[in-house]
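Student: I would like to go through this model feature by feature. Please give the general idea each time, and then the case at hand.

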Amino acid sequence: MKRTCAVLMAMTTVLGTTAVGVADAGTGERTGTRTLQRDADALLALGAPGVLVQLDTPTWRAKVRSGFGDVAARTPVPWDARFRIGSYTKTFVAATLLQLVGEGRLSLEDTVERWLPGVVTGNDNDGAKITVRQLLQHTSGLPEYLAQLPYLFDQAGFEQHRFDTLTPQEAVALAMRSKPEFAPGTDWSYSNTNYALVGMIIAEVTGNTWQHEVQARIVRPLGLRDTYTPGTSPLVPGPHAVGYERFTPEGEDIDATALNPSWGGAAGEMISTTADGNTFLKALLGGRVLRPAQLAEMRKTVRAAKFDGAWPGARYGLGLMWVPNSCGGAWSHGGDIHGFKTRNGVSPDGSRSVVVSINTDSMTPKPGVPAPTKDVAVDLVDHALCAAA
């Protein structure tokens, strides 16, 4: 969701138990849970204060944790911890808009100008040349509004502005100060401006906020009782870890848990849990959220070469990313926001899903530990989805 900063913390491991009880599980389940625990532990050396992971399969479930949810108190991440999911929000928002497409209330080929006249304009930005599909797929070329918010990446600025409200209209207006990166449909580049506009289009089509529609169409029907669209509320309700942030390698980590997430909006505002995150991914890829035609559209991908450093060979659909792995590939959409990093993956048929929560998005390896050559959770997600799959 945002540029990661640096963090360095010395941790000791706090081992947890699985949700299913390893002693009662079969050999494969016990081996899988041990691997999950090992991979969670390994994230501590890469700079994670604490880690919570849940794996759901057709026949068993495992949950493990490692490190600390509160470093000062030396307490683990709560088993039922809520956390900010950052850009994983985009998958919920994309699915909501695609439901509207399935109902015939708008088309993926509609222009932004049709629904938001005069909003995308100036500095060669032109909403009449950009489609809804291109917003969802990050092929619009629109500039990134976060580039106009330097206080998000500076400790003094963050602490001064952490409770400020930013409306989606203000976010898009900030983006319009810059020229587009490329002509619509000619390339791929991740821009949160796209999803600020998607949220605005949902509101224009329905007469309700995107938050209302996500809750009514996805959260409540799937029984996601611990998934929130907080709007301007700065709190993470219920049990949660401390969300740590370090803005420079030399700086101190601060408690960034409380913040006004409105600057993330439809691009990254939401709060959820590992259990709810898995439930949504399995339902989505299992065909229980979208009609077949819209799920097929969601899975139409383009190369996302700018993500190759983290996820080699990544492709991007409509609010979903396809990541090659050792058993063919999986669908995913992670998210970074101050204090929290979310990673996940789900098998193509929706039968096997894993969600990872780390209580910082500013990871720096411990001294002597090599920097990872790809995203920190790639191996964990691969092992969870592919081992004995």
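Tutor: Start with strand pairing: two strands pair if DSSP finds at least two bridges between them. The model is predicted. Here strand β1 (residues 50-56) and β15 run antiparallel and are joined by 6 bridges.

Student: Which residue of β15 is the bridge partner of V53?

Tutor: V356 in β15 is the bridge partner of V53.

Student: How many bridges does β15 form with strand β14 (residues 340-346), and in which sense do they pair?

Tutor: β14 and β15 pair over 6 bridges, in the antiparallel sense.

Student: How do I read the two faces of a strand?

Tutor: In a regular strand, side chains alternate between the two faces of the sheet. In β15, S353, V355 and S357 point one way, while V354, V356 and I358 point the other way.

Student: Are the residues of β15 buried or exposed?

Tutor: Buried means under 20% relative accessible area. By that cut-off 6 of the 6 residues of β15 (residues 353-358) are buried, so the strand is largely enclosed by the rest of the structure. The residues pointing either way from β15 are all buried.

Student: Next, helix packing. At what angle do helix α2 and helix α8 cross?

Tutor: The axes of α2 (residues 89-102) and α8 (residues 210-219) come within 10 Å and cross at roughly 80°. Angles of 65 to 115 degrees count as roughly perpendicular, so α2 is roughly perpendicular to α8.

Student: Which residues meet in this contact?

Tutor: From α2, T89, F92, V93, A95, T96, Q99 and L100 take part; from α8, W210, E213, V214, R217 and I218. The residues of this contact comprise 7 nonpolar, 3 polar and 2 charged. As background, an α-helix has 3.6 residues a turn, so residues three or four places apart point the same way.

Student: G102 is in helix α2 as well. Is G102 buried or exposed?

Tutor: G102 is buried, because its relative accessible area is 18% and the cut-off is 20%. Leaving aside residues up to four places away in sequence, G102 touches R291 and Q294. G102 and A81 are 21 residues apart in sequence, and their C-alpha atoms are 34 Å apart in space.

Student: How do I check the length of a helix, say α9 (residues 274-285)?

Tutor: Compare the expected span with the distance between the ends. At 1.5 Å a residue, the 12 residues of α9 should span 16 Å, and the end C-alpha atoms are 17 Å apart, which agrees. α9 is mostly covered, with 10 of its 12 residues buried. The buried residues include F280, L281, L284 and L285, and also D276 and K282. After α9 comes G287, with a positive phi near 85°.

Student: What should I expect of phi in other residues?

Tutor: Most residues other than glycine have a negative phi. D124 has a positive value, near 75°, and lies in the loop between β4 (121-122) and β5 (125-126). H138 also has a positive phi, of about 60°, although it is not a glycine; H138 is found in the loop between α4 (132-137) and α5 (155-161).

Student: Which relative accessibility does D124 have, and which does H138 have?

Tutor: D124 counts as exposed because its relative accessibility is 58%. H138 counts as buried because its relative accessibility is 0%.

Methods:
Residues are numbered from 1 along each chain as its sequence is written. This is a predicted model: local features need pLDDT of at least 70, side-chain atom pairs count only at pLDDT 80 or more; totals for chains, interfaces and linings use all residues. Side-chain values use heavy atoms; hydrogens and water are left out. Axes are lines fitted to C-alpha atoms, for helices over the stretch in contact, and angles run from 0 to 180 degrees between N-to-C directions. Helices (H or I, at least four residues) and strands (E, at least two) are DSSP runs, numbered from the N terminus. Angles under 35 degrees count as roughly parallel, over 145 as roughly antiparallel, 65 to 115 as roughly perpendicular and the rest as oblique. Contact means heavy atoms within 4.5 Å. Ala, Val, Leu, Ile, Met, Phe, Trp, Tyr, Cys and Pro count as nonpolar, Asp, Glu, Lys and Arg as charged, and the others, Gly among them, as polar. Buried means under 20% relative accessible area, exposed over 50%, partly exposed in between (1.4 Å probe, protein chains only). The expected span of a helix is 1.5 Å times one less than its number of residues.
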